[in-house]
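Q: I have a structure open and would like to go through some of its details. Can we take it bit by bit?

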2 protein chains.
Amino acid sequence: MAFSYVTHLSCSKCSRAYCPDAVHHLCSCGAPLLVNYDVRKLAKILKPNDLLKRNHDLWRYHELLPIRSPKNVVSLGEGMTPLVPMKKLGAEIGISHLYMKDEGMAPTGTFKARGAAVGVSKAKELGIKGLVMPTNGNAGAAWSLYSSRAGIQSVIIMPEGAPSMIRSEVTSTDTHLFLVNGVISDAGKIAAKAATDFRLYDVSTLKEPYRIEGKKTMGFEIAEQLLWETPDVILYPAGGGVGLIAIYKAFKELQELGWINSTKMPRFVAVQAEGCAPIVKAWKNKKGESEFWPDSRTVAFGINVPKALGDFLVLQAIYETNGCALDVKDKEILKEQKNIIRKEGAFVCPEGAAAFLAARKLRDSGWIEEDERVIIINTGMGLKYMNKEFMDLPVLQPGESIDSLPVMQ
Amino acid sequence: MAFSYVTHLSCSKCSRAYCPDAVHHLCSCGAPLLVNYDVRKLAKILKPNDLLKRNHDLWRYHELLPIRSPKNVVSLGEGMTPLVPMKKLGAEIGISHLYMKDEGMAPTGTFKARGAAVGVSKAKELGIKGLVMPTNGNAGAAWSLYSSRAGIQSVIIMPEGAPSMIRSEVTSTDTHLFLVNGVISDAGKIAAKAATDFRLYDVSTLKEPYRIEGKKTMGFEIAEQLLWETPDVILYPAGGGVGLIAIYKAFKELQELGWINSTKMPRFVAVQAEGCAPIVKAWKNKKGESEFWPDSRTVAFGINVPKALGDFLVLQAIYETNGCALDVKDKEILKEQKNIIRKEGAFVCPEGAAAFLAARKLRDSGWIEEDERVIIINTGMGLKYMNKEFMDLPVLQPGESIDSLPVMQ
């Protein structure tokens with residue numbers, strides 16, 4: 001039995017096919033390439049119960065990942081993050097079955113570890129020695145650590161405004177880190193030129209066909225954790241939108257595999273911030289693609305992407321599943337984040353909080369019904385966004401005691 | 001079938017028994033209480049394969065945890081952290097089967113989540129409304145978040161020198177946080193007084209019998225991940241030492257259950273920092289207890305514990321398994337941490353790096369043999385210790401390009 005059932009790459013626009021054993025970026029028509037598998041053949045020999053004895057990481061789905069040889073797998077144990085019931089918050093919002101897929105529990109603390117694990121593994125399999133990546137921060141941290149593990153050199157370019165902790169994370173490796181006084185699209189242009197100038201593998205979002213395969217495993221896991229039942233709604237904070245495209249792809253593959261109901265898909269919701277909402281704008285205008293969003297800004301740094309290469313795929317997934325797109329305000333995101341921490345003890349990141357906030361609004365409007373099964377993707381741990389703030393905390397001397405406490409309820 | 005097979009609490013020194021359904025702290029003789037289960041009865045009805053369909057968190061071992069009713073479980077999906085092979089580092093050190101149990105992949109980013117999940121769950125079951133805890137930082141972060149989830153009020157006291165990021169983590173909840181201009185033993189005295197003054201549940205290390213049960217699951221998981229084989233050596237960075245006591249207890253229970261070889265125990269190694277090594281000193285002098293270590297200091301903040309209440313249990317586990325205790329230098333810890341990050345892409349914490357360094361030294365001395373199976377407990381993610389440092393990084397303007405790169409090898 002093969003380790004991978006990968007067959008070929010195909011263009012997401014013109015369907016042209018490419019070999020998965022050579023280095024490819026975009027299709028000659030300029031659109032991203034997607035990975036295809038012989039799912040029908042796999043369906044005959046692999047059953048859900050075969051997974052039970054496998055490791056609790058994303059490699060349990062190796063047949064539907066693009067790595068041909070297990071010896072090329074570069075893993076830090078990523079995947080199989082918990083699906084956490086959010087009962088108190090659900091009761092407050094009015095959703096009886098509210099779950100958080102907590103991607104904070106990953107190497108480097110975000111879901112970017114999935115894309116990096118599979119992307120770097122495939123780079124290793126393809127014989128890549130050096131790569132370059134523009135990033136809003138978290139993807140750069142993940143790719144720099146996985147590259148170190150693989151013995152691949154990496155060049156990372158990120159906006160100066162990215163959280164400083166992430167910057168420190170990258171510099172703890174031997175990555176070459178450059179900052180840009182601009183946004184991720186400015187970093188992207190510098191990366192493209194560096195790829196040519198220094199013959200580096202350009203792993204910009206969707207210019208590299210494999211990270212989406214890593215993120216796809218979020219969808220496999222959600223289905224497995226729900227005992228192969230399909231949830232009703234999945235809310236995803238969309239920057240580049242790769243995670244949403246990937247989870248949609250996962251559910252399609254599971255349908256083809258015959259492991260889930262072949263007629264029901266979850267409704268996908270792309271959540272963006274008011275200060276950077278190109279996909280929401282496109283969806284509202286029933287467009288198939290988004291327009292560049294000038295002067296984009298939001299506290300949810302990971303979703304500050306003014307124009308995503310895969311926007312049309314995100315919009316397709318929304319249209320085909322009767323989903324929607326929604327933007328939320330920064331101020332409300334931070335309020336919701338605080339509420340979630342205090343109510344559920346879950347230290348979500350601002351992007352995750354944005355998705356929870358969107359669920360609240362969609363429940364209020366009746367778009368989500370009370371008894372629907374709703375999954376929120378919390379893309380990372382809130383801790384990564386914390387600033388050292390001066391806090392006015394009481395300081396005691398050894399031997400002193402606490403004088404008073406607010407009344408304990 | 002009962003959810004828990006707990007029978008009673010018993011004193012770790014005088015064996016006096018206590019009821020597990022009432023609030024207890026230390027035995028009347030002053031020693032910590034340990035939890036007992038009807039393991040023989042459980043052995044007749046539970047088999048390893050029964051676990052396969054259970055959730056991938058520490059509650060998969062609920063029969064050997066002290067919570068009687070599943071409705072009292074307070075969980076954020078903690079546990080089942082990966083056992084990551086460290087091949088490159090192993091090759092460098094000369095250990096063929098070197099693994100990292102990566103506890104960084106947990107809610108709040110450290111293994112303290114395990115103790116907090118089980119401790120807070122039991123507190124909820126016991127009807128506790130408010131608790132107080134002295135901490136070096138990470139336990140406080142974990143307990144404050146799990147308390148929020150449980151709806152229990154919490155008062156946390158930590159040294160002023162604890163990492164500032166952890167301070168921010170605690171204050172993001174509604175915990176009452178106090179700092180002390182001293183070490184954890186100073187915080188402990190303040191906590192004890194506050195417990196009396198404000199009638200709070202004192203959850204200081206080992207004054208509360210249940211957190212050890214949460215940490216015990218590290219041992220269950222290691223055994224399950226090794227397909228119920230016993231490793232040769234387990235290295236643990238010991239502050240309070242609860243994790244080491246707990247993993248030892250886990251292997252004892254698994255032997256009684258008949259799930260692992262009844263004659264082989266792993267050799268336990270307690271790793272401390274040169275600036276705070278009371279257990280190492282006691283072990284070198286063949287003592288049964290340690291002495292208070294004055295002016296303790298180390299970069300590995302989590303193991304800065306000058307006198308642990310459970311020191312005699314740590315020493316017992318070492319003596320009974322032919323283990324050892326070893327101290328390492330701060331400067332070498334930081335060097336090893338950097339080496340691990342660059343070589344393996346694993347962002348370990350200083351405490352974890354200390355344990356890796358100890359493995360290196362014990363291999364050099366021949367105490368560990370080349371083909372032994374060696375497990376390092378990396379107690380948390382290195383990220384939590386990062387400081388914002390001024391870094392001299394190149395800043396590009398939009399449209400600029402990278403001029404030169406060091407030669408890619």
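Q: Is Glu336(A) buried or exposed?
A: Glu336(A) is buried, because its relative accessible area is 4%. Buried means under 20% relative accessible area, exposed over 50%, and partly exposed in between, using a 1.4 Å probe and protein chains only.

Q: What does the side chain of Glu336(A) meet?
A: The side chain of Arg360(A), in a salt bridge of 2.7 Å, N to O. A salt bridge here is a side-chain nitrogen of Lys or Arg within 4 Å of a carboxyl oxygen of Asp or Glu. The two residues are 24 apart and link distant parts of the chain, with Arg360(A) in helix H12 (residues 350–364) and Glu336(A) in helix H11 (residues 330–344) of chain A. Helices (H or I, at least four residues) and strands (E, at least two) are DSSP runs, numbered from the N terminus.

Q: What should I know about the model and the numbering?
A: This is a predicted model, where local features need pLDDT of at least 70, side-chain atom pairs count only at pLDDT 80 or more, and totals for chains, interfaces and linings use all residues. Residues are numbered from 1 along each chain as its sequence is written, chains are lettered from A and ligands numbered from 1 in the order written, and side-chain values use heavy atoms, leaving out hydrogens and water.

Q: How many salt bridges are there over all chains?
A: The search of the whole structure finds 56. Between chain A and chain B the count is two. Glu344(A) and Arg149(B) meet in a salt bridge at 2.8 Å, N to O.

Q: What about Lys193(B), which partner does it have?
A: Lys193(B) forms a salt bridge with Asp197(B), with the closest N and O atoms 2.8 Å apart. Both lie in helix H6 of chain B, four residues apart, about one turn of the helix. Lys193(B) is partly exposed at 41% relative accessible area, and Asp197(B) is also partly exposed, at 40%.

Q: Why would four places matter in a helix?
A: An α-helix has 3.6 residues a turn, so residues three or four places apart point the same way.

Q: New topic: how many residues does the contact take from chain A and from chain B?
A: It takes 82 residues from chain A and 82 residues from chain B, with contact meaning heavy atoms within 4.5 Å. The buried area is about 7,300 Å², and carbon and sulfur atoms give 67% of that. Buried area is the accessible area (1.4 Å probe) that two parts lose on being put together, summed over both.
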